Amino acid sequence: MRASAGGGRAGRGGAARADTFRLSESPSHLLRRTEQFASDIFLKSGGDGVTLRQTVLLAAIAEAEGASQSDLVRATGIDRSTLAEMMARMEKKGFIARQAARDDGRAKSVKLTTPGRAKLAETLPAVRQVDAQLISALPKNKRQSFRSTLTALAVAAEKAHDDELAEVKRAKKEKKLLKAGKKRKKRRKQS
């Protein structure tokens with residue numbers, strides 16, 4: 001076999017398929033591997049009793065005391081159902097307290113408890129160690145570019161999340177208007 005121009009191998013019968021998937025070249029896979037690397041560093045660095053993601057959530061709550069779950073989804077990038085499960089476990093451990101939000105009785109505002117603040121302070125050195133080891137794995141001339149790329153991806157994720165929320169709101173509004181229109185039409189027919 002010989003290598004084709006696209007990096008694949010050409011067999012006896014022809015050229016390599018142009019759509020060959022290579023896991024080693026997949027950005028989503030590489031990001032997942034990097035996330036696992038970060039989690040492993042965190043565990044080895046003293047993330048006693050909490051995961052890296054739970055520490056991220058504690059940090060997000062500390063930055064925005066009284067934030068709602070929706071605010072925390074946006075701040076952390078953790079999906080709503082996973083975040084709800086994490087918060088339930090952290091509340092059970094006594095790290096956070098939730099109460100009805102002042103401005104929206106359906107929403108819960110979240111605050112760190114004293115043990116939650118202590119756990120965050122205890123685990124922040126491990127987070128800093130994760131960040132330092134991730135960055136030090138890169139050549140010095142690539143570090144700022146890496147941070148910029150990650151920031152651009154995070155901004156794109158926030159925009160996609162905002163667009164999705166706007167679409168859900170638009171669809172709900174449209175459904176409500178259609179329902180109201182049907183009710184008016186029904187009333188007119190009955191008159």
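Helices (H or I, at least four residues) and strands (E, at least two) are DSSP runs, numbered from the N terminus. This is a predicted model, in which local features need pLDDT of at least 70 and side-chain atom pairs count only at pLDDT 80 or more, while totals for chains, interfaces and linings use all residues. Residues are numbered from 1 along each chain as its sequence is written, and side-chain values use heavy atoms, with hydrogens and water left out.

**Ser109**
- Ser109 sits in strand β5, which covers residues 108–112.
- Apart from neighbours within four places in sequence, Ser109 is in contact with Gly66, Ala67, Ala97, Arg98, Gln99, Ala100 and Ala101 (contact: heavy atoms within 4.5 Å).

**Largest pocket**
- The largest pocket holds about 1700 Å³ of space; a pocket is an open set of points on a 1 Å grid over the protein atoms alone, where a 1.4 Å probe fits, with protein on both sides within 12 Å along at least five of seven lines, and lining residues have an atom within 4 Å of a point.
- Its lining has 33 residues, of which Glu35, Val56, Thr76, Leu150 and Ala154 are the closest to the centre.
- Two or more lining residues come from each of α1 (27–44), α2 (52–63), α3 (69–76), α5 (114–136) and α6 (143–190).
- Helix α6 gives the largest share of this lining, nine residues.
- The lining of the largest pocket has 19 nonpolar, seven polar and seven charged residues (Ala, Val, Leu, Ile, Met, Phe, Trp, Tyr, Cys and Pro count as nonpolar, Asp, Glu, Lys and Arg as charged, and the others, Gly among them, as polar).

**Second largest pocket**
- The second largest pocket has a volume of about 220 Å³, a volume being the space filled by probe spheres set on the grid points, which are joined across faces, edges and corners.
- It is lined by Ser70, Arg80, His161, Glu164, Leu165, Val168, Lys169 and Lys172.
- Six of these residues, the largest share, come from α6.

**Helices α1 and α2**
- The axes of α1 and α2 come within 9 Å and cross at roughly 85 degrees (axes are lines fitted to C-alpha atoms, for helices over the stretch in contact, and angles run from 0 to 180 degrees between N-to-C directions).
- Helix α1 is therefore roughly perpendicular to α2 (65 to 115 degrees).
- Glu35, Ala38, Ser39 and Phe42 of α1 meet Leu52, Arg53 and Thr55 of α2 in this contact.
- The contact of α1 with α2 comprises three nonpolar, two polar and two charged residues.

Note on methods. Angles under 35 degrees count as roughly parallel, over 145 as roughly antiparallel, 65 to 115 as roughly perpendicular and the rest as oblique.
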